[in-house]
Amino acid sequence: MTIEPAKLEDMEGISRLYKALNTDMSRLQPEMFRPAGEDGGFIRSVLESERDDLLLAREDGRVLGLALLQDKDTPPYPAFIQRRYTYLMDLVVDPECRRQGVGRALMGAVKEWAKSRNAEFIELGVLAQNEGAIRLYENLGFRDSRKIMQMDL
């Protein structure tokens, strides 16, 4: 398995993974998400960005997983200590390839990408119902730093 930056010609494999992600999210939180493909314009904007990146895990030409990363700085608010960090917006592994080390390999590449950008930490959000992903992140050393709550009206 190799991990490398995505290219425009990878759009089909990327779209397939996003469809799987959106299907999973709609199953976990049907009141918030619906199964859908990914807008090609959004992926293009990531591929053209200097502060974002999309890493792909591949084997024999097949896209097995992806990690969408953003290079960020804390907001310039007086109470915040200014820090550079990497936000992991999406981590997706092909459902047929889960629990085979693809996510762990992608997370190793995420860590290296963050270090290369002089990030001080990696931040991510995960659906509270996504127990498998939460276990992976905790096993890799992630911990709760904030809680986002919601009240339906």
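The tour goes from the sheet to a helix, then to the cores and a pair of rings.

This is a predicted model, in which local features need pLDDT of at least 70 and side-chain atom pairs count only at pLDDT 80 or more, while totals for chains, interfaces and linings use all residues. Residues are numbered from 1 along each chain as its sequence is written, and side-chain values use heavy atoms, with hydrogens and water left out.

**Stop 1: the sheet**

Select the strands. Helices (H or I, at least four residues) and strands (E, at least two) are DSSP runs, numbered from the N terminus. Five strands form an open sheet in the order β1-β2-β3-β4-β5, with mixed pairing; two strands pair if DSSP finds at least two bridges between them. At the edges are β1 (2-5) and β5 (121-124), each of which pairs on one side only. On average, neighbouring strands are turned by 30 degrees against each other, direction ignored.

Next, select β3 (62-73) and β4 (84-93). These two strands run antiparallel and are joined by nine bridges. Leu66 has Val92 of β4 as its bridge partner, and Gln70 stands opposite Tyr87 in β4. On β5, the bridge partner of Tyr87 is Glu123. The pairing of β4 with β5 is parallel, over four bridges.

Is β4 enclosed or open? Seven of its ten residues are buried, so β4 is largely enclosed by the rest of the structure. Here buried means under 20% relative accessible area, exposed over 50%, and partly exposed in between (1.4 Å probe, protein chains only).

**Stop 2: helix α1**

Select residues 11-28. The 18 residues of helix α1 should span 26 Å at 1.5 Å a residue, and the end C-alpha atoms are 25 Å apart, which agrees. The expected span is 1.5 Å times one less than the number of residues.

Helix α1 lies across β2, β3 and β4, and runs at about 80 degrees to β3. Axes are lines fitted to C-alpha atoms, for helices over the stretch in contact, and angles run from 0 to 180 degrees between N-to-C directions. Among the buried residues of α1 are Ile14, Leu17, Leu21 and Met25. The buried residues of this helix pack against α2 (40-48), β2 (52-59), β3 and β4; contact means heavy atoms within 4.5 Å.

Now pick Thr23, also in helix α1. Thr23 counts as partly exposed, at 35% relative accessibility. Its C-alpha atom is 24 Å from that of Asp52, 29 residues apart along the chain.

**Stop 3: the cores**

A nonpolar core is a set of buried Ala, Val, Leu, Ile, Met, Phe, Trp, Tyr and Cys residues joined through side-chain atoms within 4.5 Å. Select Leu88, Leu91, Val102, Leu106 and Tyr137, which have the most contacts inside the largest core, a set of 18 residues. α3 (102-116) is one of the elements that give two or more residues to this core, and its six residues are the largest share. Another core, of 17 residues, lies apart from it and includes Ile14, Val46, Leu54 and Leu56.

**Stop 4: a ring pair**

The structure holds three aromatic pairs. For one of them, select Tyr137 and Phe142: the ring centres are 5.7 Å apart and the planes at 65 degrees, so the pair is edge-to-face. Rings of Phe, Tyr and Trp (its six-membered ring) pair if their centres lie within 6.5 Å; planes under 30 degrees apart count as stacked, over 60 as edge-to-face and the rest as tilted. Tyr137 counts as buried at 9% relative accessibility, whereas Phe142 is partly exposed at 22%.
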